[in-house]
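Colleague: I would like to learn how to read strand order and core packing from a model. Please take me through one case.

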Amino acid sequence: NSPVITSYTSTGSGTFSVPSGTTAVDVMLVGAGGGGGRAGGGGAGGLIYRPAFPVTPGGSVSYTIGAGGQGQFGDGGPQNPGQNSTFGSLTALGGGGGSYSAAQGGQGGSGGGAGFNLNAAQASQAIGAGQQPSAAGDSGTYGFGNPGGEGGPNPTFGSGNTGGGGGGAGAKGGTGIQHPDGTSNWAQGGIGKQYAISGSQVYYAGGGSGAGHPSGDEPGSAAQGGGGRATRASTTSITIATANRGGGGGADHTGPNQTQQAGHGTGGSGIVIVSY
């Protein structure tokens, strides 16, 4: 028979009812992505893929779906991590928030990208740590998260004027660079990981892109896994990460006196998928 697949996508808590005769399920859960900073991209939520997770026939398993962190606005605003997602004893950590200015990226399932205005020594120390634990499962290692990326130099404005990308489940966040057109600076978010537990191949938990001086409407292609794009006060390049992928929010390099578009930089909500 084809597998029975149940996807939980609404943020908050609930209960999975275990069918009679079912002793194990395959489960994937992703924490929510962290919010993008004014420079660093938000880190993706931690990802767990756990085949043959033991359950009690006729019993129940509690779960929670985390909400994404809000984007940061202006220097000195709070770094907003994503919320955890859980399934029974499994916890996928929310992603770390992206940084502003010279601050360190937030820690989380995957870490947030570092800020700009950093010298070379600071840049390597300011990345947000990826904290998702890995553990030995019945079919190998599960649990994935990576650190955010370093801020990078901009020849026009001096050192470290581009924030780093947020970490993803499949790779750390990219380092901020000035791109060949000479008019935009951004950092790629770390790639997510791909699974077919939903019935088709889908990437989850990609990091958000970082932004810097200057930054047009085109920079920061979204990482595979639902990460948001970086932008600068754009009305077209929305930086909201894809819902239910756990991607980090893209950095939104708006100044304190500029109007931030609603929702810019918000991390993607988490998800729990059960198959048996």
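Colleague: In what order do the strands of the open four-stranded sheet stand, and how are they paired?

Modeller: This is a predicted model. In that sheet the order is β2-β5-β6-β7, and the pairing is antiparallel.

Colleague: Why is one side of β2 and of β7 left without a neighbour in the sheet?

Modeller: β2 (12-17) and β7 are the edge strands; each has a single partner strand, so one side of each lacks a neighbour there. On average, neighbouring strands of this sheet are turned by 15° against each other, direction ignored.

Colleague: How many bridges join β2 to β5?

Modeller: Six, with the two strands running antiparallel.

Colleague: Now β3: is it mostly covered or mostly open?

Modeller: Mostly covered, with five of its seven residues buried, that is, under 20% relative accessible area. β3 pairs with β4 in the antiparallel sense over six bridges, and Leu 29 stands opposite Ile 48 in β4. β3 also runs antiparallel to β17, to which five bridges join it; there Met 28 has Ile 273 as its bridge partner.

Colleague: Which residues have the most contacts inside the largest nonpolar core?

Modeller: Phe 16, Val 27, Leu 29, Phe 87, Val 272 and Val 274, in a core of 18 residues. Elements giving two or more residues to this core include β3 (24-30), β4 (47-54) and β17 (271-275). Leaving aside residues up to four places away in sequence, Phe 87 touches, among others, Phe 16, Leu 29, Phe 53 and Val 272.

Methods. Residues are numbered from 1 along each chain as its sequence is written. This is a predicted model: local features need pLDDT of at least 70, side-chain atom pairs count only at pLDDT 80 or more; totals for chains, interfaces and linings use all residues. Side-chain values use heavy atoms; hydrogens and water are left out. A nonpolar core is a set of buried Ala, Val, Leu, Ile, Met, Phe, Trp, Tyr and Cys residues joined through side-chain atoms within 4.5 Å. Buried means under 20% relative accessible area, exposed over 50%, partly exposed in between (1.4 Å probe, protein chains only). Contact means heavy atoms within 4.5 Å. Two strands pair if DSSP finds at least two bridges between them. Axes are lines fitted to C-alpha atoms, for helices over the stretch in contact, and angles run from 0 to 180 degrees between N-to-C directions.
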